Amino acid sequence: MIECRSVTEVWEAIRQLRVRGAPAIGVAAAMGVVLGVRDETESDREGFLRKLDDVCHYLGTARPTAVNLSWALQRMRRRAQSLPSAHPSEIKRALLEEAKRIRDEDEAMCRAIGRHGEALIAEGVGVLTHCNAGSLATAYYGTALAPLYTAHEKGRRFRVYADETRPLLQGSRLTAWELHRSGIEVTVLCDNTAGTLMKSGQVDLVIVGADRIAASGDTANKIGTYPLAVLARAHGIPLYVAAPSSTFDLAIPDGSRIPIEHRSPDEVRRGMGALTAPPDAPCFCPAFDVTPADLITGIITERGIIQPVTTERIREIVGQQESPASVAAPG
Ligand code: MRU
């Protein structure tokens, strides 16, 4: 466990993936705002609000793709703005309550995703997932893993296949760990084995999480999701995305506008610390890719399953939502 005592430590924790996964990043950022204004002088309201703005902009630069980050920061700023005549000490208290609410709501949304999605997990099925969209990526319970946890709690037995998820191995290190610990049967495979597994008939459906979903339904998620969706389509296997409404960015019309994080080439060259390529070999390392909506069978949200994935259905279920862009700082 790591304990962050300052906003800089929270920024660093998000940047270095000590806390990662879109919803968990949002919760951490909200808590980071509280830390960032904690020591601010309480006598100057205008100065306090300026500091709050600076803190939100700073935290917004930690990672660019997961929209939950700017969504949470926007909620924190709005909470402060909703108290036009409050003293800074009152605003600080309200911000702490708001951060806790964001955390609690995230857990509730994940549980609801579990309830909406569990019917997809029939007795005996094989489910393939990518990266980690479980308890370790959210306040609790997960998004892509929530339907699996709910089906497991109902006594259903099924098999999960976890892509190891190069380069940082969130699938083998995190997803396999948390499923195994919960008593769910899980098998780890190299990312490049997914096609062979699908061809063998052992995968009935694919479920993945999301970092940002555009108004069209195009979905950014961990690098490797898009080829999985192409493979799933080629094998006639349904692919579901599971995400709370805080992961939708309806201000972005389609996936071409989603900012994609590129990380250090060393994450590819030095897999888990060992040099696995010539030290000066150029590496291509986007952290996320975008899966077009037409390759997605349905999106499981806390408000129900969006299927088919169209702009109209998304608007109906996720509703009108303001753009998080107003607090998003350049990535
Ligand atoms: O780089 P990461 O580990 O933050 O990437 C995480 C993912 O891509 C997850 O699938 C996504 O955030 C959904 S988490 C519920």
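Biologist: What area is buried between domain 1 and domain 2?

Modeller: About 2,000 Å² is buried between domain 1 and domain 2, and carbon and sulfur atoms give 52% of that. Buried area here is the accessible area (1.4 Å probe) that two parts lose on being put together, summed over both. Arg 20, Thr 65 and Met 109 supply 36% of the area that domain 1 buries against domain 2, more than any other three residues.

Biologist: What kind of model is this, and how is it numbered?

Modeller: It is a predicted model, in which local features need pLDDT of at least 70 and side-chain atom pairs count only at pLDDT 80 or more, while totals for chains, interfaces and linings use all residues. Residues are numbered from 1 along each chain as its sequence is written, and side-chain values use heavy atoms, with hydrogens and water left out.

Biologist: Where do the domains run?

Modeller: Domain 1 covers 7-109 and domain 2 covers 113-318; such bounds come from an automatic or database domain assignment. Their centres, taken over C-alpha atoms, are separated by 27 Å.

Biologist: How many residues are in contact across the two domains?

Modeller: 19 residues of domain 1 are in contact with 30 residues of domain 2, contact meaning heavy atoms within 4.5 Å.

Biologist: How many salt bridges are there between them?

Modeller: There are two between domain 1 and domain 2, a salt bridge being a side-chain nitrogen of Lys or Arg within 4 Å of a carboxyl oxygen of Asp or Glu. Arg 15 forms a salt bridge with Glu 261, with the closest N and O atoms 3.3 Å apart.

Biologist: Are those two residues buried or exposed?

Modeller: Arg 15 is partly exposed, with a relative accessible area of 25%, whereas Glu 261 is buried at 3%. Buried means under 20% relative accessible area, exposed over 50%, and partly exposed in between (1.4 Å probe, protein chains only).

Biologist: Changing topic, how many residues has the largest nonpolar core?

Modeller: It has 34 residues, and those with the most contacts inside it include Ile 14 and Val 33. Helix 2 gives the most to this core, with 10 residues. A nonpolar core is a set of buried Ala, Val, Leu, Ile, Met, Phe, Trp, Tyr and Cys residues joined through side-chain atoms within 4.5 Å.

Biologist: Where does Val 37 sit?

Modeller: Val 37 is in helix 2 and is buried, with a relative accessible area of 2%. Leaving aside neighbours within four places in sequence, Val 37 is in contact with residues including Phe 48, Leu 52 and Leu 95.

Note on methods
Helices (H or I, at least four residues) and strands (E, at least two) are DSSP runs, numbered from the N terminus.
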